[in-house]
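Trainee: I would like to learn how to read a protein model, feature by feature. Please take me through one.

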Amino acid sequence: MTYKTKIGLDENIVAAISYVGFWITGIIFLLIEPDNKFVRFHAMQSLLIFLPLSLIIFILGWIPYVGWIIADFLGFAALFFILVLVVMAYKGLMLKIPFVGSYAYKLIYQ
């Protein structure tokens, strides 16, 4: 059973969208969904995963010669990772990524 959110969509759709925009949509949905813990969990996990990953990719891109290659491969891996997380959130599952997912769960549910 899915529940409606403040923006009028089902919670599994909003949780999936929270991963699509990397950490930016995570921040947006943390701000506009104060009551739905399922959406807040996925938004927090998106923020905690993709903000540091974005910074790492940005910094690696500045390394001469090989940095941009490593950053590209890491970026493609992040896109695949996003796809997996979007599908799991859309199915209504709470896929906890090791360490980050547990921390996001503690922040939202406790």
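Predicted model: local features only at pLDDT ≥ 70, side-chain atom pairs only at ≥ 80, totals over all residues.

Trainee: Which residue meets the side chain of Lys 6 in a salt bridge?

Mentor: The general idea comes before the case. Side chains of opposite charge can pair when their charged atoms come close. Here the side chain of Lys 6 pairs with that of Asp 35, at 3.4 Å from N to O. Lys 6 sits in the segment before H1, and Asp 35 in the loop between helix H2 (22-32) and H3, so that the pair links distant parts of the chain, 29 residues apart. Asp 35 is exposed as well, with a relative accessible area of 60%.

Trainee: How many salt bridges does the structure hold?

Mentor: The structure holds 1 salt bridge.

Trainee: Gly 8 is also in the segment before H1. Is Gly 8 buried, partly exposed or exposed?

Mentor: Gly 8 has a relative accessible area of 40%, so it is partly exposed. Sequence and space are separate matters for this residue: Gly 8 and Leu 93 are 85 residues apart in sequence, and their C-alpha atoms are 20 Å apart in space.

Trainee: Now the helices. How should I describe two that pack together?

Mentor: Two packed helices are described by the angle between their axes and the distance between the axes. Take helix H1 (residues 11-20) and helix H3 (residues 37-60): their axes come within 8 Å and cross at roughly 10°. That angle makes H1 roughly parallel to H3, because angles under 35 degrees count as roughly parallel.

Trainee: Which residues of H1 and H3 meet?

Mentor: On the H1 side they are Glu 11, Asn 12, Val 14, Ala 15, Ser 18 and Tyr 19. On the H3 side they are Phe 38, Val 39, His 42, Ala 43, Gln 45, Ser 46 and Phe 50. Sorted by class, the residues of this contact are 7 nonpolar, 5 polar and 1 charged.

Trainee: At what angle do H1 and H2 pack?

Mentor: The angle between H1 and H2 is about 140°, and their axes are 5 Å apart. H1 is therefore oblique to H2. H1 contributes Val 14, Ile 17, Ser 18, Tyr 19 and Val 20 to the contact, while H2 contributes Phe 22, Thr 25, Gly 26 and Phe 29. This contact has 6 nonpolar residues, 3 polar ones and no charged ones.

Trainee: Why is H1 described as largely enclosed by the rest of the structure?

Mentor: Count its buried residues: 7 of the 10 residues of H1 are buried, so the helix is largely enclosed. They are Glu 11, Asn 12, Val 14, Ala 15, Ala 16, Ser 18 and Tyr 19. These buried residues pack against H2, H3 and H4.

Trainee: Is His 42 buried or exposed?

Mentor: His 42, a residue of helix H3, is buried, because its relative accessibility is 1%. Leaving aside residues up to four places away in sequence, His 42 touches Ala 15, Ser 18, Tyr 19, Ala 89, Leu 93, Met 94 and Leu 95.

Trainee: How many residues are in the largest nonpolar core?

Mentor: That core has 13 residues, and those with the most contacts inside it are Tyr 19, Ile 49, Phe 50, Leu 85, Val 86 and Ala 89. H1, H3 and helix H4 (67-90) each give two or more residues to this core. H4 gives the most, with 5 residues. As for Ile 49, its contacts are Phe 81, Leu 85, Ile 97 and Val 100, again not counting residues up to four places away in sequence. There is also a second, separate core of 10 residues, which includes Phe 29, Leu 30, Val 39 and Phe 41.

Trainee: What should I look for in the backbone angles?

Mentor: Most residues other than glycine have a negative phi, and most peptide bonds are trans. Phe 22 lies in helix H2 and is partly exposed, at 30% relative accessibility.

Trainee: Where does Phe 99 lie?

Mentor: Phe 99 lies in the loop between H4 and helix H5 (100-109). Its phi is near 70°, a positive value in a residue other than glycine. At 75% relative accessibility, Phe 99 counts as exposed.

Terms used: Residues numbered from 1 in each chain as written. Heavy atoms only, no water. Axes fitted to C-alpha atoms, helices over the stretch in contact; angles between N-to-C directions. Helix = DSSP H or I, 4+ residues; strand = E, 2+ residues; numbered from the N terminus. Parallel < 35°, antiparallel > 145°, perpendicular 65-115°, else oblique. Contact = heavy atoms within 4.5 Å. Nonpolar A, V, L, I, M, F, W, Y, C, P; charged D, E, K, R; others polar. Core = buried A, V, L, I, M, F, W, Y, C linked by side-chain atoms within 4.5 Å. Buried < 20%, exposed > 50% of the residue type's maximum accessible area, 1.4 Å probe, protein only. Salt bridge = Lys/Arg side-chain N within 4 Å of Asp/Glu carboxyl O.
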